[in-house]
Amino acid sequence: MTALEAGLLGQLLLLVLAVAAALLTPTRWRSRVSGTVCTLLATAGVVTGAIALSGGTGSLTIPTALPLDPLVLSPDKLGGLVMIVVSAVGALAALFGIGSARVASASRTAWLSMAVFLFGMQLVPAATDVVSFLLLWEIMTLGSTALLLAHHATRGTVASALVWYSAMSQLSFFFVLAGFAMLAGLAGGTGFDLLATVDPFSWQASVAFLLLLLGFGGKAELVPLHVWVPRVLPEAPGHVAAAMSGAMVNIGVYGALLVFVRMLPNGPAWWGVLIMALGGVSALYGILQASVASNLKVLLAYSTTENMGLVFLGLGASVLLRADNATAAADAALVAALLLMLSHAAFKSTLFLGAGAVARAAGEMNLDRLGGLGSRMPWTAGAFGAAAMGAAALPVTSGFVAEWMLLQALIHGSRVDGEVVSVAASVAMPLAVAVIALTAGLALLTFVKAYGIAFLARPRSPQAEQAREVPVIMRIPLVIGALLVVGLGLLPGPLAVAIGGAVGPEFTPDVRIIGLAGVDARGIDAVLDPTTFVVLAGLLLAPVLIAVFVSARRHPTRISPLPWAGGGSRLRPRMQYTATSYAEPLVRVFDDVLRPSRDVEVTHVGESRYLVERVHVEQTVSDVVETRLYRPVLNLLQRFGILARRAQNGSIHRYLSYSFVALLSVLIVVSL
Amino acid sequence: MTGAAAIVIALVQLTLFVFLAPVLIGVIRQVRARLEGRAGSGIWQPWRDVRKLLTKNPVRAADSSWMLAAGPVTLLVSSLLLCALLPLVGTLPLPLIPSDLFVIVSVMLIGVVALALVGLDAGTAFGGMGSSRHMTVAALVEPTLLLAVYALSIPAGTSTLSLIVETRLATPAVIISPVSLLAMVALAIAIMAETSRLPVDNPSTHLELTMLHEAMVLEASGRDLAWLELGSWLKLAALLGLLSNLIVPWGIATEFSALGVIVGAGTVTVKILLLGVLLSVGEVFLAKARLFRVPELLAGSFALALLAVTASYLVA
């Protein structure tokens, strides 16, 4: 038995152990025992992934009683990389769950489905054929659905969110199934290596491409299949949301990688254009909705759509440039997409865990009622701040490195040796740069708002005022996550080299390590060494800090309750800017896209037109995709339902006549 | 060897700009005062202000966090990084950290974010207002900035600034090509918006409805305010330096020699002071745009930048 086989078998055994732990341990110990076993299960995934990434081979065969081939699990290097990412996030989430799971989220069902969810998720990248891929995919989906269902008891809104989630995940399952079926019919088998023999320029391949793009895009929360995200994630507790938004979306990306890297790597150029358009629209729409959201979890959920949009933008650029023979830039774009996926997993899981910590401490997710948490919860604030920097792509976090790489690939993509590669590329690349830039700018605003409103200034409600730091067991995953965000940003060289190895042999990005751990992308002639950068910043910081300390010794700081108070005298916490007011200029600028509905109600004092007693303002920003695309369809369905109700009025005569008509029609059909 | 030379040039740039930035602001204010018929306070006043602020006790609100102290220092360091990385006096790249424009834009954004967080941390309505408007403008400037970068990078085939400047020095025809001109106009508008100048923001106003930058620094005092001011001035000086070196690259040191460095330092000083005077004269004739007209201005500059990039394909 090879190390890889042992790792896969270990995960299976740990799943059994986790199920037993969830079912058998008493309530008092359940979270601790189950959480620990789930963490171990996910850690086994990390180890197995690392073995696969470093070139380990082996396979685990699970026979089935069905008339199918046995399930064969054998992750390749790419699968290993994705397995590491999703399992690492799963481990952090499970560790956080030990401390944070309470009442409903600490029930038997919850921990059982958590284990099943993690297991399915981290083994999807190990599948080698369509059947086992889809089976594990469904295990993952069912696990997450049951996990959300476990909260049904405590909150009413969960039910409707769950209906959306199930419907959308089954829809994307259908697309994936249909797409794979198309390819399998053409290839004459279900093994991934067989599917790779399909000619990408046949029309069947293009149909399969469209179906698979929709299916995997749906899992990756892309527009227009994202509608479940802002409903479901706010209902999920922090650690569940972290596992779903930080890890599960990566399975969608993995699916897309499977198609565009392993099976159909040399598709036509229009595929790339289509993927880029889908990704670009998702990125812009996601970040625009995130920037105006006031609920912290809704904000984070929409930001996932943005980041996945950027990942697909990178993938699409890679497909397009490869079709145009700009191979070096295409490879760099692929590496950038994977770097984005990695960094997103790190910062988004940390952000959701931070949101979970805030929810526990303040019992409030509405940013308009938070504030001043920085001094009350310093650990959470620090971790959330580092992750927010990653999400805003500021140096020297992992998000920055990934976005830098993507931009470099794009600006070097439209020309090879000074020659324009194609018209499509020379239009698509500048537009993509503009989309990324606007996205990055809005992300900056979004995360300044999220951090600044929640953690700085004065508390806007009594709950926020009384918030206390979360227990140590919850701080540990937060700190690990924050360290990962910064650490991955400092080591782009080794990361890019590992990714370059994982996407081979079809793709061979020319990336090397330069300096301590910097990245040197030879193909596109770009160099970045964050370590040197940090050293330089440190050198510049030193004299400033000396000046600060000298000045502080001579002229100490005075603390005053409200020193300047913006020139006023009766300054109350409610007079501070809130998340809603912070995004107000943006809502105005993007009025046409966001379509906010605003209700202003003024109550006057007595008869006076000039004295105001109370002003009530209500603003809601709805999801345009939902109201314009899904509502009409749902209304149509509902109308059919109402029509069908008329046929069922309870009259026995009518039912007898139905059977009579049915019998008649059968006789007629038989006689024909 | 080039590494050591680059470090020396970076040091020269740092010292020169730390000295020069307040003088530049002094010149801008003085020219403006004269044109408006006032006596003005002299070009050394910003230096006197900084010295005065450093000897005051900063007063901070009881509810404010460490951000009020760390934010100003972060802004200052980000501006210092700009001065060290940009090709101002010489084009020799520092080892392992070339003056990549994307990196430079994100270094600048660190300062933007630090300032916005300082504004929020004060816990007053003004701070939040300034911070919100500042970030909105920053978000909308970003596409213009990066597209202008893209357009400039095409003739040189790289986004490394020192190479772009060297290319312009070697083939001056590039400078007056339509692509470059469009990109420079777009870049200039973006820089005006980034550095809170007219018509996006009025640097000398304290009228509540029009404040952007000033609203954020209202609650800062003592050395906090000194760092914020110095950081913003340095950013303006460095970006004007970049702009002038892109328009008129002559004089910049491409190889290391004592004379070259002195000439480089002298020319860049003259260039940014001239640009400062131009800026000041221009501002006398400009009124601040309404906040909700600013997106239109930025959309216009974005169109220019996009035109610059697409034109480069038609020309090539």
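Predicted model: local features only at pLDDT ≥ 70, side-chain atom pairs only at ≥ 80, totals over all residues.
The contact between the two chains brings together 66 residues of chain B and 67 residues of chain A. On the side of chain B that touches chain A, the elements that give two or more residues are strand S1 (59-61), helix H3 (67-85), helix H4 (101-121), helix H5 (125-156), helix H9 (222-247) and helix H11 (294-315) of chain B. H5(B) supplies the largest share of this side, namely 17 residues. Sorted by class, the side of chain B that touches chain A holds 43 nonpolar, 15 polar and 8 charged residues.

Strand pairing also links the two chains, for strand S8 (residues 558-560) of chain A is joined to S1(B) by 3 bridges, and these two strands run parallel. Within this pair, the residue that stands opposite B:Val59 in S1(B) is A:Arg558. In general, the strands of a sheet pair through backbone hydrogen bonds, and they do so either in parallel or in antiparallel fashion.

S5(A) pairs with strand S6 (residues 518-521) of chain A in the antiparallel sense, over 4 bridges, and here A:Ile514 stands opposite A:Gly518 in S6(A), while A:Arg512 stands opposite A:Asp520 in S6(A). The hairpin of S5(A) and S6(A) has 3 residues between the strands, and in this hairpin A:Gly515 takes a positive phi near 65°. S6(A) in turn pairs with S7(A), again in the antiparallel sense, and 3 bridges hold this pairing in the model. Here A:Val519 faces A:Leu528 in S7(A) as its opposite residue. The hairpin of S6(A) and S7(A) has 4 residues between the strands, and the residue with a positive phi, near 60°, is A:Asp525.

Strand S9 of chain A is hardly covered, since among its 9 residues the count of buried residues is 0.

Two helices of chain A give an example of helix packing. The axes of helix H5 (residues 130-149) and helix H10 (residues 238-263) of chain A come within 12 Å and cross at roughly 160°. Angles over 145 degrees count as roughly antiparallel, and H5(A) and H10(A) are therefore roughly antiparallel to each other. The crossing in which H5(A) passes H10(A) is left-handed. On the side of H5(A), the contact is made by A:Met140, A:Ser144 and A:Leu147, which meet A:Val240, A:Met244, A:Met248 and A:Ile251 in H10(A). By class, this contact of H5(A) with H10(A) has 6 nonpolar residues, 1 polar residue and no charged residues.

Why does B:Ala188 count as buried? A residue is buried if 20 or more other C-beta atoms lie within 10 Å of its own, and B:Ala188 is buried because it has 20 other C-beta atoms within 10 Å. B:Ala188 and B:Leu243 are 55 residues apart in sequence, yet their C-alpha atoms are 7.4 Å apart in space.

How values were computed
Residues numbered from 1 in each chain as written. Chains lettered and ligands numbered in written order. Buried ≥ 20, exposed ≤ 12 C-beta atoms within 10 Å, placed from the backbone. Axes fitted to C-alpha atoms, helices over the stretch in contact; angles between N-to-C directions. Parallel < 35°, antiparallel > 145°, perpendicular 65-115°, else oblique. Left-handed = near helix turned anticlockwise from the far one by under 90°. Contact = placed C-beta atoms within 7 Å. Nonpolar A, V, L, I, M, F, W, Y, C, P; charged D, E, K, R; others polar. Pairing = 2+ DSSP bridges.
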